[in-house]
Amino acid sequence: MGWIILLAALSAVCCCGTVALAVWLIHRRSDRRIAAYQNKLLARQIIEVENLYTTMRGWRHDYHNHLQTLKARLDMGQTDGAREYLDTLEQDLDGIHALAETGNVSVDAILNAKLSLVLKQGINLNVKATVPKNLTVSDIDLCVILGNLIDNAMESCEKVDEGGRFLRLYINVLKQQLYITITNATAETVRKIDAAYISTKRGNHGHGLKRIDRVVKKYDGYVNRKNEPGVFVTEILLPL
């Protein structure tokens, strides 16, 4: 009788272990599929925005020619023609905001796309960013970090009155590492920010925090989050 009970107990333990392993594998595969899909989607978005960025730079290259054309029409008294020409240029520039010129095309693409949305939400924006052309971190991973940082900052700002919304982004080289910090308004005050805090977040914010941490860990980098009344700060260091 004792042997039967022991065998039953062992069977139960093995069964539980098998179920736990199966659940873990399912979650791991799901996370990989989500990450692969997001990377594919982000890569496509970067290409699309880079095309827009190339168009913007092309217009800037022709800036002198546009001015000469306008001056010539004004000198000839063709004010209507000059106005029509300006209207055409204005249409070409509609929706294009050169909010960041970091020196890295991929980073510029994602920043200009995201920060344009920041301005549309009425968030006070301050950006200072310089990125080396050659990085240890891949463009895709760096854009994952920046995209999620800005998305989370915008989500936090949505819960703050319009007059108090702000976002400050700073990127530069610090002690031979790429230093990224983003400061934004928040209505939340958290005493302790750790893995438990991240896991309790819901929606895009929580998922974005996890994605940032995974990429930083991948490169043996450093991430630090601070929350004071009305302010949330994220600092990241990545090896060059």
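Accessible areas here come from the Shrake-Rupley method with a 1.4 Å probe; for residues, only the protein chains shown count as cover. By that method the chain exposes about 15,100 Å². Carbon and sulfur atoms supply 55% of that area.

This is a predicted model: local features need pLDDT of at least 70, side-chain atom pairs count only at pLDDT 80 or more, and totals for chains, interfaces and linings use all residues. Residues are numbered from 1 along each chain as its sequence is written, and side-chain values use heavy atoms, with hydrogens and water left out.

**Stop 1: the whole chain**

Show the chain as a cartoon. There are seven helices and five strands. Helices (H or I, at least four residues) and strands (E, at least two) are DSSP runs, numbered from the N terminus. Along the sequence they follow the pattern α-α-α-α-β-α-β-β-α-α-β-β.

Now colour by burial. Buried means under 20% relative accessible area, exposed over 50%, and partly exposed in between (1.4 Å probe, protein chains only). Of the 240 residues, 35% count as buried.

Contacts come next; a contact means heavy atoms within 4.5 Å. Take the contacts with a separation of 6 or more: residues 24 or more positions apart account for 67% of them.

**Stop 2: the nonpolar core**

In soluble globular proteins, nonpolar side chains tend to be buried together. A nonpolar core is a set of buried Ala, Val, Leu, Ile, Met, Phe, Trp, Tyr and Cys residues joined through side-chain atoms within 4.5 Å. The largest one here has 37 residues. Select Leu-111, Leu-142, Ile-171, Ile-180 and Leu-238, which have the most contacts inside this core. The elements giving two or more residues to the core are H1 (2-61), H4 (105-120), H5 (139-157), E2 (166-174), E3 (177-185), H7 (203-218) and E5 (231-239). Which helix gives the most to this core? H5 does, with 10 residues.

Stay on H5. Of its 19 residues, 15 are buried. The expected span of a helix is 1.5 Å times one less than its number of residues. For H5 that comes to 27 Å, and its end C-alpha atoms are 27 Å apart, which agrees.

**Stop 3: two residues near the chain end**

Select Leu-238. Setting aside residues up to four places away in sequence, Leu-238 touches Val-137, Leu-142, Ile-145, Gln-177, Leu-178, Ile-180, Val-216, Tyr-219 and Gly-221.

Then select Ile-236, in strand E5. Is Ile-236 buried or exposed? Its relative accessible area is 1%, so Ile-236 is buried. Beyond neighbours within four places in sequence, its contacts include Ile-145, Leu-149, Ile-212 and Tyr-222. Arg-225 is 11 residues away along the chain, and the two C-alpha atoms are separated by 8.8 Å.

**Stop 4: helix H2**

Move to His-66, in helix H2 (residues 63-75). His-66 has a relative accessible area of 14%, so it is buried. A polar contact is a pair of N or O atoms within 3.5 Å; within protein, one must be able to donate a hydrogen and the other to accept it, and residues adjacent in sequence count only if both atoms are side-chain atoms. After H2 comes Gly-77, whose phi is positive, near 75 degrees.

**Stop 5: helix H4**

H4 has 16 residues and reaches 23 Å from first C-alpha to last, close to the 22 Å expected. Asn-104 caps its N-terminal end: a side-chain oxygen lies 3.1 Å from the backbone nitrogen of Ser-106.

Next, pick Ser-116, also in H4. At 11% relative accessibility, Ser-116 counts as buried. A polar atom of its side chain lies 2.6 Å from the backbone oxygen of Asn-112. Just after H4, Gly-122 takes a positive phi of about 75 degrees.

**Stop 6: two loops**

Most residues other than glycine have a negative phi. Gln-176 is not a glycine, yet has a positive phi of about 60 degrees. Find Gln-176 in the loop between E2 and E3. At 70% relative accessibility, Gln-176 counts as exposed.

Asp-220 also has a positive phi, of about 55 degrees. Look for Asp-220 in the loop between H7 and strand E4 (222-228). Asp-220 is exposed, at 71% relative accessibility.

**Last stop: cysteines**

Select Cys-143, buried at 1% relative accessibility. Cys-157 is buried, with a relative accessible area of 1%. A disulfide is a pair of cysteine sulfur atoms within 2.5 Å. How many disulfides are there by this rule? The count comes to zero.
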